[in-house]
Amino acid sequence: MTDSQTALECLYDPMRYEQGAPIAELAALRQQAAVIWVEEHKLAQWPGGRGFWLVLRHAECVQVLKNPKLFSSQLGATQLRDPATPADLSYVQQMMLNMDPPEHTRLRRLLINAFTSKAVAQLEVKIRQHAIAIVDNVIDGATEGECDFVKDIASDMPLLCLADIFGLPQQDRYLMFDWANRVIGYQDPDYAVSSAFNPQGGSAMAREALKLRPRPDANGQMPDPRSRNGMDDLYRYAHLLAEYKRGNPADDVVSILLAQVDDAAGIVTIEEFENMFWLFAVAGNETLRNGIPGGMIALLRHPDAWQAMQANPALVPAAVEEMLRWWTPVMNFRRTACQDTGLAGAKIMAGDKVVVSFLSANYDQREFHRPAEFAIRRKPNPHLSFGYGPHFCLGAQLAVAQMRAMFLELTRRFEVMEPAAPPRYLRSNFQRGVKSLPVRWRASIR
Ligand code: HEM
């Protein structure tokens, strides 16, 4: 092992991310090459692997993401961490995230059809109401106070929004909190080792599903959430929900999805729905629970931006795009080369793992003027935080709506928000996660 290879461990060692993301290291590497080879050693928190190509520059990331014929989402799925067994790989391949055309196109089309403009408009109205209620709850009649921005402000918004999409009883949203913790926080003992989950009430469907909740082993570790038996309770819940919605359709997205018969794309089977439910419950939750605090961290470090948004709320939409670029809540996704090919001089062989670094691409000075600066008026802002190409985030519009509503309400209702203690970061090389963000606030006089 060479010194330079050891230095590259910071890119995939999950423990490194507890000190913050390796932005400076990525910048130095990006200067030298667009694509580098990274050996993957076994570490305390990493099983090791056969190594991967890391794509660092914006243009090359786009090239990979828009070309599923060369770079497959299906062959090795889309995570930096290899599936532990062939059975685990086949299991995750049932999710659209880990599919290639034409199967992917079919499922994606059915989902897009379900997000009708009427359904999205209704969701956006509810999102604004949730933002008001969340802030009301924090202020609770006081003029100043302290709170944990992650727990008290950021984490409920995506759960409430997903409950609206699924049309599920709101008290069941804590199940999604638990599922997302188990999946995304798998490398972090604060999240993954959870034996004392309290569902806080719950519907009959939730009680039924919880009978199948996997049990932690003698060390308190839950089974691998990327294996089917790691998420038995989620699958049971999704199954019961689909049966219920088929019998009792309402105007939520899931009812529309399950009721539609698309001539070209056919219908959604219950099994397909169960996998979509998994993807949404995780993809639509943790990303925002990290993205909203990431945006707040940017504002805490740039109070002038906070004040500018207070004075001119019309700046909020562009500021949200900049928060997404600056923080980059999802740091990377993986593809697998389908055939021998070249990329910016790198000789990629069929079967090689190719990891696109959104975090690096979003700081590429070839694409962004002064990328280290947090510039809320940046235009254009072609960040890759929602990906690019056929797998471009299906929830991007809703994610942006949630962030806009949250930051509009925050800057309207809080005169001052400042750090009360340093943030604590998630042990994960995939999501740029914030576990806690203590803040001190003073309410605006209204
Ligand atoms: C700030 C929040 C979010 C970020 C940063 C984010 C990021 C991403 C990225 C980078 C991808 C592309 C994956 C790839 O290329 O392999 C993706 C896909 C996806 N996202 Fe998001 N996401 C966010 C919020 C959401 C929300 C709120 C939902 C659902 C309500 C959602 C649902 C999905 C789904 C279903 C896919 C798979 C699309 C496909 O395979 O065609 N995401 N997301």
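Figure 1. Tyr 91 is buried, with a relative accessible area of 5% (buried means under 20% relative accessible area, exposed over 50% and partly exposed in between, with a 1.4 Å probe and protein chains only). The model is predicted: local features need pLDDT of at least 70, side-chain atom pairs count only at pLDDT 80 or more, and totals for chains, interfaces and linings use all residues. Residues are numbered from 1 along each chain as its sequence is written, and side-chain values use heavy atoms, with hydrogens and water left out. Tyr 91 belongs to helix α4 (residues 86-92); helices (H or I, at least four residues) and strands (E, at least two) are DSSP runs numbered from the N terminus. Not counting residues up to four places away in sequence, Tyr 91 touches Pro 225, Arg 226, Ser 227, Arg 228, Met 231, Tyr 235 and Trp 278 (contact means heavy atoms within 4.5 Å). With Tyr 235, the side chain of Tyr 91 also forms a polar contact of 3.3 Å. A polar contact is a pair of N or O atoms within 3.5 Å; within protein, one must be able to donate a hydrogen and the other to accept it, and residues adjacent in sequence count only if both atoms are side-chain atoms. Between the C-alpha atoms of Tyr 91 and Glu 39, which are 52 residues apart along the chain, the separation is 26 Å.

**Figure 2. Glu 40 in the loop between β1 and β2.** The loop that holds Glu 40 runs between β1 (35-38) and β2 (52-55). Glu 40 is buried, at a relative accessible area of 6%. Its side chain is joined to that of Trp 46 by a polar contact of 3.1 Å, and to that of Lys 353 by a polar contact of 3.1 Å. Leaving aside residues up to four places away in sequence, the residues that Glu 40 touches include Tyr 12, Arg 50, Phe 52 and Leu 80.

**Figure 3. The iron atom of the ligand and Cys 393.** A single donor from the protein, the SG atom of Cys 393, lies 2.3 Å from the iron atom of the ligand. Donors are N, O and S atoms within 2.8 Å of the metal (3.2 Å for Na, K and Ca); water is not among the atoms, so sites may look incomplete. Cys 393 is located in the loop between α18 (358-361) and α19 (396-413).

**Figure 4. The shell around the ligand.** There are 26 residues around the ligand, of which His 104, Arg 108, Arg 335, His 391 and Cys 393 come nearest (a residue is near a molecule or strand if one of its heavy atoms lies within 4 Å of it). Two or more residues of the shell come from each of α5 (103-114), α14 (270-283), α15 (286-301) and β5 (332-337). The most, three residues, are given by α14. By residue class, the shell holds 17 nonpolar, seven polar and two charged residues; Ala, Val, Leu, Ile, Met, Phe, Trp, Tyr, Cys and Pro count as nonpolar, Asp, Glu, Lys and Arg as charged, and the others, Gly among them, as polar.

**Figure 5. The protein chain as the setting of the close-ups.** The chain contains 19 helices and twelve strands. Of its 446 residues, 58% count as buried.
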